[in-house]
Amino acid sequence: KQWYQRRVRDPTFEALLIGFLNMIVSVISALILHAIIGHVMVAKKRSKKEMFVSRGASVIFSVFPNIFSHFVTPNFWSILFFMALVLISIDSMYCQINAMTLSLMEVGGFKFIPYSTLSLIVTLTCVLAGLPFLMGNGVYLFEAMDGTVNPVICMAALLECTYISWFYGLDRLDDELQQRSSLKMNNIW
């Protein structure tokens, strides 16, 4: 019983819509961000090297406060930006916890544990795994993992797609989608 998903559902439209909206938001965000950074560089007569003295995740805490200090109401924009960061991280964490919990319930053999209890266990496990990033050398640990884990995640995603298409089979995948959707898998997929 898959209580979290309706039986007949068209995933094609939702997948294309989410991908398209994600692309539009990313393009608009990049255009706005680069326009603001370019404006600050021209207004303050700074070079790119002077503007970006840091790299990686620390750019958020060095470049953006510098940019917001040039706005009319810098405190308002700084608070708004960091509130957006907090809300985005909470949203991302909720989605990850939900996906891990549902995967454990459906595939991992934890159907006997109630959803709320398993979700609490997964959340506490993630909190404990994230504690080293909050210690004194957390930023260095994050940057070290960011440089090494990202290629591993990309390789895992590539292997997952390879496994699904070659070993699981596109016909079996089409049958699985047929149970949840009214459409057959078309050439897009």
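These questions and answers cover the fold, the confidence and one proline of a predicted model. In this predicted model, local features need pLDDT of at least 70, side-chain atom pairs count only at pLDDT 80 or more, and totals for chains, interfaces and linings use all residues. Residues are numbered from 1 along each chain as its sequence is written, and side-chain values use heavy atoms, with hydrogens and water left out.

Q: How many helices are there in the protein?
A: Helices (H or I, at least four residues) and strands (E, at least two) are DSSP runs, numbered from the N terminus. The protein has zero strands, and its pattern along the sequence is α-α-α-α-α-α. The number of helices is six.

Q: In which helix is confidence highest?
A: Confidence is given as pLDDT, the predictor's value for each residue, from 0 to 100. The protein averages 78, and 84% of the residues score at least 70. Helix α2 (residues 48–51) is lowest, at a mean of 69, while the highest, at 90, is helix α5 (residues 115–130).

Q: Is P132 buried, partly exposed or exposed?
A: P132 lies in the loop between α5 and α6 (138–180). Buried means under 20% relative accessible area, exposed over 50%, and partly exposed in between (1.4 Å probe, protein chains only). Because its relative accessible area is 38%, P132 is partly exposed.

Q: Which residues does P132 touch, not counting residues up to four places away in sequence?
A: A contact means heavy atoms within 4.5 Å. With residues up to four places away in sequence not counted, P132 touches G138 and L141.
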